[in-house]
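Let's take a walk through a protein chain together, one stop at a time. Keep the picture open while you read.

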Amino acid sequence: MTMRRIPGAEDEVRAGLPASKDHVLMSQEEIMRAVQRATPRKSEKENFHRIAGFGIGLASLLMDNVLSYPFIVFRRQTQVNHQAYRYHLQPFSVIQVIVSLQRQHGFVTMWKGISSAFVVQGISLGSETLLAQLTPFPKEMSSHSTPKQLAGHVALKALAITITTPFLSASLVESVQSDIASDRPGVLDCVKEGFTRLAGWGMPQATRLLPMYILVPPTIAHGLSRYLITSSVQYSYLAISRRNQRSNRDTGDGLQPRNMLDAFFPELVASFLGNLTADCVLYPLETVLTRLHIQGTRTIIDNTDLGHGVIPVSTRYEGVLHCFRVIQAEEGVEGLFKGFGAILLQYALHAAILKLTHAVFVRICEELAAREQQTNQE
């Protein structure tokens, strides 16, 4: 059987091929353009997430350990000043004395001992990490953790506090010691002093320096109480915040300012509320512990009544309960809250930084949302 060619058929096929190829190429170009339009927005979102996370971590670190440190130093000096007649329960008197001290000793005088504070934090974190590897106790907790895991986690914290206590005592001395009375300590001096303090385990009571076995239990109680209060407040606030977010979640597409704030800002507020609650509730115990750690170290502090001059710290407390009773008898209940005005100033500054961070977040998110909307229209 012979096949006959249809005239013009090949021309029609050849004419149809370029049209098909052009259609495929056009479709591919449209897909590539769509991918190119979407990729910058995705990359921009990811970059903002990274920058925002880094900025939040840095701001939190600076606030907790640098900007708030002058108020921590002043409140500790006021807490151990058993001779003081000015209790500084409100913030206005605190500002006046801090300014006087900085005029006398220089601007950096309120940051004394900050290096040892970082060293103590490093020892604490290192201890927790090492203990988590050597023991079955978990370092981190979640909402799905069992009571047994929770007990192990608390035990891990208690062991880490026990290891850190001698170095904490040395750091407290550096933070309240007057610049006039001693030379500025080195970065690792608190480590050497901590081992020296530890070697005095069980030393005679006549030295007034309390042995570690008296200081460790209340220090553990304070540390665990602070951790539990802070964690509980943070967890409660974040749970309420997430529930409100789910009920009010925006179903629209695109980058919304509220979504970015929901991702980052509640963590800052939760940390703020947790630390504020713990510091206020445990302030009397902190006053007692600070005095017990400083006792017997021959520390000379700045005069927190006048803002100039120095006074020695000389006490004879026998323990936590005895210290509570003596303070109430000689200084009144208000004596347990000496320097509380510094707490108010510290968290007022913290709240102002939170407000500024919120305003910056809103502004950045609005700009990103407007830019993405403009790109979609184009």
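Start with a pair of residues: the side chains of Arg208 and Ser314 make a polar contact of 2.8 Å. A polar contact here is a pair of N or O atoms within 3.5 Å; within protein, one must be able to donate a hydrogen and the other to accept it, and residues adjacent in sequence count only if both atoms are side-chain atoms. Along the chain, Arg208 and Ser314 are 106 residues apart, yet their C-alpha atoms are separated by 9.0 Å.

Before we go on, note that this is a predicted model, where local features need pLDDT of at least 70 and side-chain atom pairs count only at pLDDT 80 or more, while totals for chains, interfaces and linings use all residues. Residues are numbered from 1 along each chain as its sequence is written, and side-chain values use heavy atoms, with hydrogens and water left out.

Back to Arg208, which sits in the loop between helix 6 (189–199) and helix 7. Helices (H or I, at least four residues) and strands (E, at least two) are DSSP runs, numbered from the N terminus. Leaving aside neighbours within four places in sequence, Arg208 is in contact (heavy atoms within 4.5 Å) with Gln295, Gly296, Ser314, Thr315 and Arg316.

Now hop to Ser116, in helix 4 (residues 114–134). Ser116 counts as buried because its relative accessible area is 0%. Its side chain has a polar contact of 3.1 Å with the side chain of Ser171. Not counting residues up to four places away in sequence, Ser116 touches Glu174 and Cys190 as well as Ser171.

Next, let's look inside. The largest nonpolar core has 16 residues, and Ile220, Val288, Leu292, Tyr317, Cys323 and Ile327 touch the most other members. Such a core is a set of buried Ala, Val, Leu, Ile, Met, Phe, Trp, Tyr and Cys residues joined through side-chain atoms within 4.5 Å. Helix 5 (147–176), helix 7, helix 9 (283–294) and helix 10 (320–330) are the elements that give two or more residues to this core. Helix 7 provides the largest share, six residues. As for Cys323, its contacts include Val288, Arg291, Leu292 and Tyr317, not counting residues up to four places away in sequence. Apart from this core lies another, of 13 residues, among them Phe71, Phe74, Met110 and Ile114.

Helix 7 (residues 212–247) also holds Ser225. That residue is partly exposed, because its relative accessible area is 27%. Ser225 and Leu282 are 57 residues apart in sequence, and 8.0 Å apart in space, C-alpha to C-alpha.

Over in helix 11 (residues 340–377) you'll find Leu349, which is partly exposed because its relative accessible area is 32%.

Finally, step back. The chain has 11 helices and two strands, and from the N terminus on, its elements run α-α-α-α-α-α-α-α-α-β-β-α-α. Of its 378 residues, 39% count as buried. Among contacts between residues at least 6 apart in sequence, 79% join residues at least 24 apart.

Note on methods. Buried means under 20% relative accessible area, exposed over 50%, partly exposed in between (1.4 Å probe, protein chains only).
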